[in-house]
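Subject: Structure for you to look at, with notes

Dear colleague,

Here is the structure I promised to pass on. Please have it open while you read, as my notes follow below.

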Amino acid sequence: MKEISPARFNEARRSWIEAGKFRLQIQRPTMLDIVKAGQGEAALTIEFAARFVVGWEGVNELDLIPGGDPEPAAFDPAIFALWVADRPDLWGAISAGIAEAYRKHEERTEARGNA
């Protein structure tokens, strides 16, 4: 019997989106995440969508901190949440990317007959 690790399972839910000049890795929300959002337990806002950003490329310290170095910054979810709160220019792309990832998952699930 084949064993699947949680890391491999989560990796299968990941994809990349473009947001401004940045490339962000997202992890598709689960159906439970979406149901909770619809019940008011999580708002369909940038705060909700940002929870599903799990990595980035092209983000330098200079993008995060005025006067910072032009060196790549390591991804940190807490820093991302603080940074994106001040970047309304990225909100639409992030929200749309999360919604599109979930829509594609629903289509694949329906096509397999697992709906």
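Which residue in the hairpin of β1 and β2 takes a positive phi? In this hairpin, which has two residues between the strands, that residue is G20, with a phi near 65 degrees. Before going further, please note that this is a predicted model, in which local features need pLDDT of at least 70 and side-chain atom pairs count only at pLDDT 80 or more, while totals for chains, interfaces and linings use all residues. Residues are numbered from 1 along each chain as its sequence is written, and side-chain values use heavy atoms, with hydrogens and water left out.

The protein chain has six helices and three strands, which are DSSP runs numbered from the N terminus (helices are H or I of at least four residues, strands are E of at least two). Read from the N terminus on, the order of elements is α-β-β-α-α-β-α-α-α.

As for the strands, pairing here requires that DSSP finds at least two bridges between them. β1 and β2 run antiparallel and are joined by six bridges, with I17 standing opposite L24 in β2 and S15 having I26 of β2 as its bridge partner. β2 also pairs with β3 in the antiparallel sense, over four bridges, and there I26 has V53 of β3 as its bridge partner. Five of the six residues of β2 are buried, so this strand is largely enclosed by the rest of the structure; buried means under 20% relative accessible area, with a 1.4 Å probe and protein chains only. Across the 115 residues of the protein chain, 30% count as buried.

In soluble globular proteins, nonpolar side chains tend to be buried together. A nonpolar core is taken here as a set of buried Ala, Val, Leu, Ile, Met, Phe, Trp, Tyr and Cys residues joined through side-chain atoms within 4.5 Å. The largest such core holds 22 residues, of which L24, W56, F80, W83 and I94 touch the most other members. At least two residues of this core come from each of β1 (14–19), β2 (22–27), α3 (46–50), β3 (53–57), α5 (77–84) and α6 (88–112). Leaving aside residues up to four places away in sequence, F80 touches L24, A50, V53, W56, F75 and I94, where contact means heavy atoms within 4.5 Å.

Finally, the C-alpha trace of the protein chain spans about 55 × 35 × 20 Å along its principal axes.

With best wishes

Methods: Buried means under 20% relative accessible area, exposed over 50%, partly exposed in between (1.4 Å probe, protein chains only).
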